[in-house]
Amino acid sequence: MPRILDGAAIAVAIKQEVAAEVKLLAAQGITPGLAAVLVGNVPASEIYVRSKVQACAELGIYSDLITPSDDITTEAMLDLIATLNSRNEIDGILVQLPLPRQVDAKVLLDAVSPFKDVDGFHPVNAGRLQAGRPALAPCTPAGVIEILRRSEISIAGQHAVVVGRSDIVGKPAAMLLLNQNATVTICHSKTRNLAEITRQADILVAAIGRPGFITPEMVKPGATLIDVGINRLNTREEFDRFFLGNAKREAAFAKRGSVIVGDIDPKAFELSGAYTPVPGGVGLLTIAMLMANTVRAAKMRRGL
Ligand code: NAP
(Lines give C-alpha, C1' and ligand atoms only; values in the text may rest on other atoms or scores of the structure.)
Protein backbone atom coordinates (compact mmCIF):
# COMPACT_ATOMS: atom_id res chain seq x y z
CA MET A 1 0.00 0.00 0.00
CA PRO A 2 1.39 3.44 -0.86
CA ARG A 3 1.94 5.95 1.91
CA ILE A 4 -0.25 9.02 1.79
CA LEU A 5 1.80 12.13 2.52
CA ASP A 6 -0.59 14.17 4.63
CA GLY A 7 -0.23 17.84 3.77
CA ALA A 8 -2.69 18.89 6.48
CA ALA A 9 -0.66 17.35 9.32
CA ILE A 10 2.60 18.79 7.97
CA ALA A 11 1.04 22.25 7.56
CA VAL A 12 -0.16 22.14 11.19
CA ALA A 13 3.34 21.18 12.39
CA ILE A 14 4.96 24.03 10.42
CA LYS A 15 2.41 26.55 11.70
CA GLN A 16 3.04 25.44 15.29
CA GLU A 17 6.78 25.98 14.80
CA VAL A 18 6.15 29.40 13.25
CA ALA A 19 3.87 30.40 16.16
CA ALA A 20 6.62 29.37 18.61
CA GLU A 21 9.16 31.52 16.71
CA VAL A 22 6.74 34.46 16.70
CA LYS A 23 6.51 34.16 20.49
CA LEU A 24 10.31 34.20 20.83
CA LEU A 25 10.48 37.29 18.63
CA ALA A 26 7.70 38.95 20.66
CA ALA A 27 9.89 38.55 23.75
CA GLN A 28 12.44 40.72 21.90
CA GLY A 29 9.78 43.29 21.02
CA ILE A 30 9.51 42.16 17.38
CA THR A 31 6.21 41.40 15.63
CA PRO A 32 6.67 40.06 12.08
CA GLY A 33 4.35 41.82 9.62
CA LEU A 34 2.88 40.88 6.25
CA ALA A 35 1.30 43.28 3.75
CA ALA A 36 -1.16 41.57 1.41
CA VAL A 37 -2.05 43.51 -1.72
CA LEU A 38 -5.29 42.35 -3.32
CA VAL A 39 -6.26 44.25 -6.48
CA GLY A 40 -9.87 44.24 -7.65
CA ASN A 41 -12.52 41.60 -6.97
CA VAL A 42 -11.29 38.23 -8.29
CA PRO A 43 -13.26 35.76 -6.11
CA ALA A 44 -10.53 33.06 -6.00
CA SER A 45 -7.89 35.69 -5.08
CA GLU A 46 -10.18 37.05 -2.35
CA ILE A 47 -10.46 33.56 -0.83
CA TYR A 48 -6.67 32.98 -0.97
CA VAL A 49 -5.84 36.35 0.56
CA ARG A 50 -8.46 35.97 3.28
CA SER A 51 -6.90 32.61 4.24
CA LYS A 52 -3.45 34.21 4.36
CA VAL A 53 -4.61 37.10 6.55
CA GLN A 54 -6.43 34.65 8.82
CA ALA A 55 -3.29 32.50 9.14
CA CYS A 56 -1.36 35.62 10.21
CA ALA A 57 -3.93 36.30 12.94
CA GLU A 58 -3.75 32.70 14.19
CA LEU A 59 0.05 32.79 14.43
CA GLY A 60 0.48 36.26 15.93
CA ILE A 61 1.81 37.87 12.75
CA TYR A 62 0.67 41.45 12.05
CA SER A 63 -1.05 41.81 8.70
CA ASP A 64 -2.18 44.74 6.61
CA LEU A 65 -4.63 44.05 3.80
CA ILE A 66 -4.47 46.65 1.04
CA THR A 67 -7.18 46.52 -1.64
CA PRO A 68 -6.64 48.88 -4.58
CA SER A 69 -9.44 48.99 -7.17
CA ASP A 70 -8.95 47.08 -10.42
CA ASP A 71 -8.36 50.24 -12.47
CA ILE A 72 -5.11 51.02 -10.63
CA THR A 73 -2.13 51.85 -12.85
CA THR A 74 1.35 50.30 -12.77
CA GLU A 75 2.70 53.66 -11.54
CA ALA A 76 0.27 53.82 -8.62
CA MET A 77 1.08 50.22 -7.73
CA LEU A 78 4.80 51.06 -7.84
CA ASP A 79 4.19 53.93 -5.40
CA LEU A 80 2.33 51.53 -3.10
CA ILE A 81 5.15 48.97 -3.23
CA ALA A 82 7.72 51.71 -2.52
CA THR A 83 5.73 52.70 0.59
CA LEU A 84 5.54 49.09 1.76
CA ASN A 85 9.26 48.60 1.12
CA SER A 86 9.98 51.50 3.48
CA ARG A 87 7.47 50.64 6.24
CA ASN A 88 9.42 49.17 9.14
CA GLU A 89 6.57 47.08 10.57
CA ILE A 90 6.21 45.24 7.24
CA ASP A 91 8.58 42.29 6.77
CA GLY A 92 6.82 40.59 3.88
CA ILE A 93 4.99 41.93 0.83
CA LEU A 94 2.57 39.68 -0.97
CA VAL A 95 1.05 40.82 -4.26
CA GLN A 96 -1.77 38.42 -5.07
CA LEU A 97 -1.74 37.29 -8.70
CA PRO A 98 -3.26 37.57 -11.25
CA LEU A 99 -3.16 41.35 -11.63
CA PRO A 100 -5.41 43.35 -13.98
CA ARG A 101 -4.14 43.48 -17.54
CA GLN A 102 -3.03 47.14 -17.41
CA VAL A 103 -0.63 46.43 -14.52
CA ASP A 104 2.82 45.18 -15.53
CA ALA A 105 3.24 42.28 -13.12
CA LYS A 106 6.93 41.72 -13.88
CA VAL A 107 7.88 45.36 -13.26
CA LEU A 108 5.87 45.29 -10.05
CA LEU A 109 7.30 42.07 -8.64
CA ASP A 110 10.81 43.31 -9.43
CA ALA A 111 10.05 46.44 -7.38
CA VAL A 112 9.38 44.47 -4.19
CA SER A 113 12.41 44.62 -1.93
CA PRO A 114 14.19 41.22 -2.16
CA PHE A 115 14.35 41.32 1.66
CA LYS A 116 10.54 41.48 1.84
CA ASP A 117 9.90 39.14 -1.09
CA VAL A 118 8.08 36.42 0.88
CA ASP A 119 6.70 34.87 -2.33
CA GLY A 120 10.28 34.36 -3.52
CA PHE A 121 9.49 35.70 -7.01
CA HIS A 122 12.18 38.41 -7.18
CA PRO A 123 15.08 37.66 -9.55
CA VAL A 124 17.52 38.30 -6.68
CA ASN A 125 15.95 35.48 -4.67
CA ALA A 126 15.75 33.23 -7.76
CA GLY A 127 19.46 33.89 -8.31
CA ARG A 128 20.34 33.28 -4.68
CA LEU A 129 18.43 30.01 -4.79
CA GLN A 130 20.32 28.98 -7.92
CA ALA A 131 23.63 29.94 -6.32
CA GLY A 132 22.79 27.81 -3.29
CA ARG A 133 22.77 30.87 -0.98
CA PRO A 134 20.17 31.53 1.72
CA ALA A 135 17.10 32.86 -0.10
CA LEU A 136 13.39 33.38 0.33
CA ALA A 137 12.16 30.48 -1.81
CA PRO A 138 8.72 30.38 -3.48
CA CYS A 139 6.19 28.92 -1.05
CA THR A 140 4.71 26.02 -3.05
CA PRO A 141 8.05 24.42 -4.06
CA ALA A 142 9.40 25.07 -0.55
CA GLY A 143 6.34 23.13 0.67
CA VAL A 144 7.28 20.22 -1.62
CA ILE A 145 10.68 19.97 0.06
CA GLU A 146 9.10 20.19 3.53
CA ILE A 147 6.75 17.31 2.69
CA LEU A 148 9.67 15.13 1.55
CA ARG A 149 11.89 16.11 4.48
CA ARG A 150 9.28 15.68 7.18
CA SER A 151 8.12 12.36 5.67
CA GLU A 152 11.76 11.19 5.80
CA ILE A 153 11.88 10.51 2.08
CA SER A 154 15.51 10.82 1.10
CA ILE A 155 16.29 13.27 -1.68
CA ALA A 156 20.09 13.04 -2.00
CA GLY A 157 21.14 10.80 -4.87
CA GLN A 158 17.56 10.22 -6.02
CA HIS A 159 16.50 10.96 -9.57
CA ALA A 160 13.90 13.72 -9.27
CA VAL A 161 11.93 14.52 -12.42
CA VAL A 162 10.01 17.80 -12.40
CA VAL A 163 7.35 18.19 -15.10
CA GLY A 164 6.72 21.92 -15.55
CA ARG A 165 9.19 24.81 -15.67
CA SER A 166 7.22 27.81 -14.46
CA ASP A 167 9.07 30.47 -12.46
CA ILE A 168 6.59 29.94 -9.61
CA VAL A 169 6.67 26.16 -9.25
CA GLY A 170 8.69 24.00 -11.67
CA LYS A 171 12.01 25.86 -11.85
CA PRO A 172 12.34 26.63 -8.13
CA ALA A 173 11.22 23.08 -7.23
CA ALA A 174 13.99 21.72 -9.47
CA MET A 175 16.52 24.10 -7.91
CA LEU A 176 15.53 23.20 -4.35
CA LEU A 177 15.79 19.48 -5.16
CA LEU A 178 19.19 20.03 -6.77
CA ASN A 179 20.35 21.94 -3.68
CA GLN A 180 19.32 18.85 -1.68
CA ASN A 181 21.59 16.74 -3.94
CA ALA A 182 18.96 15.07 -6.08
CA THR A 183 19.82 14.33 -9.71
CA VAL A 184 17.26 16.54 -11.40
CA THR A 185 15.60 16.42 -14.82
CA ILE A 186 13.24 19.23 -15.82
CA CYS A 187 10.58 18.46 -18.43
CA HIS A 188 8.17 20.76 -20.27
CA SER A 189 5.83 20.89 -23.23
CA LYS A 190 8.64 20.49 -25.76
CA THR A 191 10.21 17.48 -24.01
CA ARG A 192 10.45 14.42 -26.26
CA ASN A 193 9.72 10.92 -24.92
CA LEU A 194 8.28 12.34 -21.72
CA ALA A 195 6.98 8.99 -20.43
CA GLU A 196 10.43 7.44 -20.83
CA ILE A 197 11.88 10.15 -18.59
CA THR A 198 9.11 10.21 -15.97
CA ARG A 199 9.41 6.40 -15.66
CA GLN A 200 12.98 6.93 -14.44
CA ALA A 201 11.88 9.16 -11.57
CA ASP A 202 12.38 8.11 -7.96
CA ILE A 203 10.63 11.38 -7.09
CA LEU A 204 8.19 12.73 -9.66
CA VAL A 205 6.93 16.30 -9.23
CA ALA A 206 4.00 17.23 -11.47
CA ALA A 207 3.37 20.97 -11.94
CA ILE A 208 1.65 21.12 -15.30
CA GLY A 209 -1.89 22.42 -14.88
CA ARG A 210 -3.57 19.55 -16.79
CA PRO A 211 -5.97 17.20 -15.04
CA GLY A 212 -4.55 13.71 -14.51
CA PHE A 213 -1.84 14.26 -17.13
CA ILE A 214 0.60 11.78 -15.56
CA THR A 215 -0.89 8.33 -16.22
CA PRO A 216 0.06 5.02 -14.56
CA GLU A 217 2.23 4.05 -17.58
CA MET A 218 4.41 7.13 -16.90
CA VAL A 219 5.30 6.10 -13.36
CA LYS A 220 7.95 3.77 -11.96
CA PRO A 221 6.37 1.43 -9.39
CA GLY A 222 7.36 2.49 -5.88
CA ALA A 223 8.21 6.09 -6.86
CA THR A 224 7.28 9.07 -4.70
CA LEU A 225 4.65 11.17 -6.49
CA ILE A 226 4.30 14.84 -5.62
CA ASP A 227 1.25 16.36 -7.25
CA VAL A 228 1.27 20.16 -7.32
CA GLY A 229 -1.61 20.46 -9.79
CA ILE A 230 -4.99 21.89 -8.87
CA ASN A 231 -7.58 21.38 -11.61
CA ARG A 232 -11.31 21.73 -11.21
CA LEU A 233 -13.56 19.15 -12.91
CA ASN A 234 -16.97 20.65 -13.65
CA THR A 235 -18.66 18.15 -15.97
CA ARG A 236 -19.94 14.61 -15.41
CA GLU A 237 -17.73 13.38 -18.25
CA GLU A 238 -14.59 14.84 -16.66
CA PHE A 239 -15.62 13.50 -13.28
CA ASP A 240 -16.21 9.96 -14.60
CA ARG A 241 -12.80 9.92 -16.27
CA PHE A 242 -11.11 9.94 -12.87
CA PHE A 243 -13.61 9.16 -10.15
CA LEU A 244 -16.28 6.82 -11.55
CA GLY A 245 -17.43 4.60 -8.68
CA ASN A 246 -15.65 6.68 -5.99
CA ALA A 247 -18.43 7.23 -3.43
CA LYS A 248 -16.62 9.95 -1.44
CA ARG A 249 -15.85 12.04 -4.51
CA GLU A 250 -19.34 11.39 -5.87
CA ALA A 251 -20.81 12.96 -2.72
CA ALA A 252 -18.51 15.98 -3.07
CA PHE A 253 -19.45 16.37 -6.75
CA ALA A 254 -23.17 16.16 -5.95
CA LYS A 255 -22.78 18.81 -3.22
CA ARG A 256 -20.57 21.34 -5.01
CA GLY A 257 -21.04 20.55 -8.70
CA SER A 258 -17.27 20.17 -9.12
CA VAL A 259 -14.28 18.37 -7.65
CA ILE A 260 -10.55 18.92 -7.76
CA VAL A 261 -7.99 16.63 -9.34
CA GLY A 262 -4.25 17.07 -9.59
CA ASP A 263 -1.89 16.70 -12.53
CA ILE A 264 -1.42 13.02 -11.71
CA ASP A 265 -4.13 10.50 -12.57
CA PRO A 266 -5.25 9.09 -9.19
CA LYS A 267 -4.84 5.57 -10.66
CA ALA A 268 -1.08 6.21 -10.79
CA PHE A 269 -1.02 6.76 -7.02
CA GLU A 270 -1.82 3.08 -6.52
CA LEU A 271 1.55 2.14 -8.06
CA SER A 272 3.55 4.59 -6.00
CA GLY A 273 5.53 4.14 -2.80
CA ALA A 274 4.15 7.41 -1.45
CA TYR A 275 2.08 10.27 -2.84
CA THR A 276 0.54 13.62 -2.02
CA PRO A 277 -3.24 13.57 -2.49
CA VAL A 278 -5.23 16.34 -4.18
CA PRO A 279 -6.78 17.95 -2.27
CA GLY A 280 -4.95 17.44 1.02
CA GLY A 281 -1.34 17.49 -0.16
CA VAL A 282 0.98 20.21 -1.47
CA GLY A 283 -1.76 22.86 -1.68
CA LEU A 284 -2.07 23.02 2.09
CA LEU A 285 1.60 23.82 2.55
CA THR A 286 1.66 27.05 0.56
CA ILE A 287 0.17 29.29 3.27
CA ALA A 288 2.23 27.61 6.01
CA MET A 289 5.39 28.32 4.01
CA LEU A 290 4.29 31.93 3.44
CA MET A 291 4.03 32.34 7.22
CA ALA A 292 7.45 30.69 7.65
CA ASN A 293 8.95 33.01 5.01
CA THR A 294 7.46 36.08 6.73
CA VAL A 295 9.10 35.17 10.03
CA ARG A 296 12.34 34.33 8.21
CA ALA A 297 12.26 37.72 6.44
CA ALA A 298 11.65 39.47 9.78
CA LYS A 299 14.70 37.75 11.26
CA MET A 300 16.93 38.22 8.22
CA ARG A 301 16.14 41.93 7.97
CA ARG A 302 17.24 42.37 11.60
CA GLY A 303 20.34 40.21 11.16
CA LEU A 304 18.99 37.57 13.56
P1 NAP B 1 2.15 27.10 -15.66
O2 NAP B 1 2.84 28.39 -15.41
O3 NAP B 1 1.02 27.04 -16.63
O4 NAP B 1 3.26 26.05 -16.14
C5 NAP B 1 2.90 24.78 -16.59
C6 NAP B 1 4.13 24.03 -17.03
O7 NAP B 1 3.72 22.74 -17.50
C8 NAP B 1 4.88 24.71 -18.18
O9 NAP B 1 6.27 24.71 -17.91
C10 NAP B 1 4.55 23.86 -19.39
O11 NAP B 1 5.60 23.75 -20.35
C12 NAP B 1 4.32 22.51 -18.75
N13 NAP B 1 3.46 21.71 -19.62
C14 NAP B 1 2.26 22.06 -20.14
N15 NAP B 1 1.80 21.08 -20.95
C16 NAP B 1 2.73 20.11 -20.93
C17 NAP B 1 2.84 18.86 -21.60
N18 NAP B 1 1.91 18.42 -22.45
N19 NAP B 1 3.94 18.10 -21.37
C20 NAP B 1 4.90 18.54 -20.53
N21 NAP B 1 4.86 19.71 -19.89
C22 NAP B 1 3.79 20.50 -20.09
O23 NAP B 1 1.59 26.47 -14.30
P24 NAP B 1 2.14 26.63 -12.79
O25 NAP B 1 1.82 27.98 -12.29
O26 NAP B 1 3.52 26.11 -12.70
O27 NAP B 1 1.15 25.61 -12.06
C28 NAP B 1 1.16 24.22 -12.34
C29 NAP B 1 0.04 23.56 -11.56
O30 NAP B 1 0.25 23.74 -10.17
C31 NAP B 1 -1.35 24.13 -11.84
O32 NAP B 1 -2.29 23.08 -11.77
C33 NAP B 1 -1.58 25.08 -10.68
O34 NAP B 1 -2.96 25.24 -10.37
C35 NAP B 1 -0.87 24.37 -9.57
N36 NAP B 1 -0.37 25.27 -8.50
C37 NAP B 1 -0.66 24.93 -7.22
C38 NAP B 1 -0.22 25.74 -6.19
C39 NAP B 1 -0.53 25.36 -4.79
O40 NAP B 1 -0.65 24.21 -4.49
N41 NAP B 1 -0.69 26.27 -3.87
C42 NAP B 1 0.50 26.89 -6.45
C43 NAP B 1 0.81 27.19 -7.77
C44 NAP B 1 0.37 26.36 -8.81
P45 NAP B 1 6.13 25.02 -21.21
O46 NAP B 1 6.98 25.82 -20.28
O47 NAP B 1 6.91 24.39 -22.30
O48 NAP B 1 4.90 25.74 -21.68
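The model is predicted, so local features need pLDDT of at least 70 and side-chain atom pairs pLDDT 80 or more, while totals for chains, interfaces and linings use all residues. Residues are numbered from 1 along each chain as its sequence is written, and side-chain values use heavy atoms, leaving out hydrogens and water.

Now look at Arg165, where a polar side-chain atom sits 2.7 Å from an oxygen atom of the ligand. At His188, a polar backbone atom is 3.5 Å from a nitrogen atom of the ligand. On its own the ligand has 930 Å² of accessible area (Shrake-Rupley method, 1.4 Å probe), and the protein covers 71% of that.

Step back to see the whole shell of 21 residues around the ligand, each with a heavy atom within 4 Å of it. Arg165, Ser166, Ser189, Ile230 and Thr286 come nearest. By class, the shell holds eight nonpolar, ten polar (Gly counts here) and three charged residues (Asp, Glu, Lys or Arg).

Strand 4 (residues 92-95), a DSSP run of E of at least two residues, gives the largest share, three residues. About 40 Å³ of space lies inside. A cavity is a set of points on a 1 Å grid over the protein atoms alone where a 1.4 Å probe fits but cannot get out, and lining residues have an atom within 4 Å of a point. Points are joined across faces, edges and corners, and the volume is the space filled by probe spheres set on them.

Notes:
Polar contact = N/O pair within 3.5 Å; in protein donor to acceptor, adjacent residues only side chain to side chain. 1 Å grid on protein atoms, 1.4 Å probe; cavity = no way out; pocket = protein on both sides within 12 Å on 5 of 7 lines; lining within 4 Å. Helix = DSSP H or I, 4+ residues; strand = E, 2+ residues; numbered from the N terminus.
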